[in-house]
Amino acid sequence: MASTFYNEILTDHNIHPTHKYVMEDATFSLEGVNPSCGDDIVLYIKTNQDNIIENASFHGDGCAISQASADMMCDLIIGKNKDEALRLSEIFLRMIKGSISEEEKDELEEAGILEDIHHMPARVKCAVLGWHTMDEIFKDAAEGKIDRYDGKFEKE
């Protein structure tokens, strides 16, 4: 039953992602690449003057896990401030390593279904790609660098 639920959520976020599009008015955008399997996404984040994430999206190509994980992450961080989003990322990354509480897993909402990905080491980089890209965006912003992607993904 749990496996079926996992597959349904993963498949739904992969085939019908809510947040997969190029965001023209993003505050930040950065490419994230997983060279070991070819996942390549650009993460777009729009924040307001209070550092609240008003919108998040991604665009690119990759396996079902990378695409679904990025879509679930966008669902989760919209409406949160930068610090809350980074805290959720920290919880997600610890979950992938197998060390979070049940309460923390609940905070991750649907993204919590990826908990057992640590049993598939080759897929860990796929699951964390969007999360690492978000962390890099906010790390760069804290250092005064604003990430804006101007690369190869064209509007669909």
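Predicted model: local features only at pLDDT ≥ 70, side-chain atom pairs only at ≥ 80, totals over all residues.

Mentor: A search of the whole structure finds two aromatic pairs, and Phe28 and Phe138 form an edge-to-face pair because their planes stand at 75 degrees, with ring centres 6.0 Å apart. Phe28 belongs to strand β1 (residues 28–34) and Phe138 to helix α5 (residues 121–142), so this pair ties together parts that are 110 residues apart in sequence.

Phe92 and Trp131 also form an aromatic pair, and this one is stacked, with 4.2 Å from centre to centre and 10 degrees between the planes. Since Phe92 lies in helix α3 (residues 82–96) and Trp131 in helix α5, the pair ties together parts that are 39 residues apart in sequence. Phe92 and Trp131 are both buried.

Leaving aside residues up to four places away in sequence, Phe92 touches Ser69, Leu108, Ala111, Leu114, Ala127, Val128 and Trp131. The largest nonpolar core has 40 residues, and Phe92 and Trp131 are among those with the most contacts inside it, together with Ile45, Leu108 and Met134. At least two residues of this core come from each of α1 (2–15), β1, β2 (39–47), β3 (53–61), α2 (64–77), α3 and α5. In soluble globular proteins, nonpolar side chains tend to be buried together.

Note on methods: Residues numbered from 1 in each chain as written. Heavy atoms only, no water. Phe/Tyr/Trp six-rings, centres within 6.5 Å; stacked < 30°, edge-to-face > 60°. Helix = DSSP H or I, 4+ residues; strand = E, 2+ residues; numbered from the N terminus. Buried < 20%, exposed > 50% of the residue type's maximum accessible area, 1.4 Å probe, protein only. Core = buried A, V, L, I, M, F, W, Y, C linked by side-chain atoms within 4.5 Å. Contact = heavy atoms within 4.5 Å.
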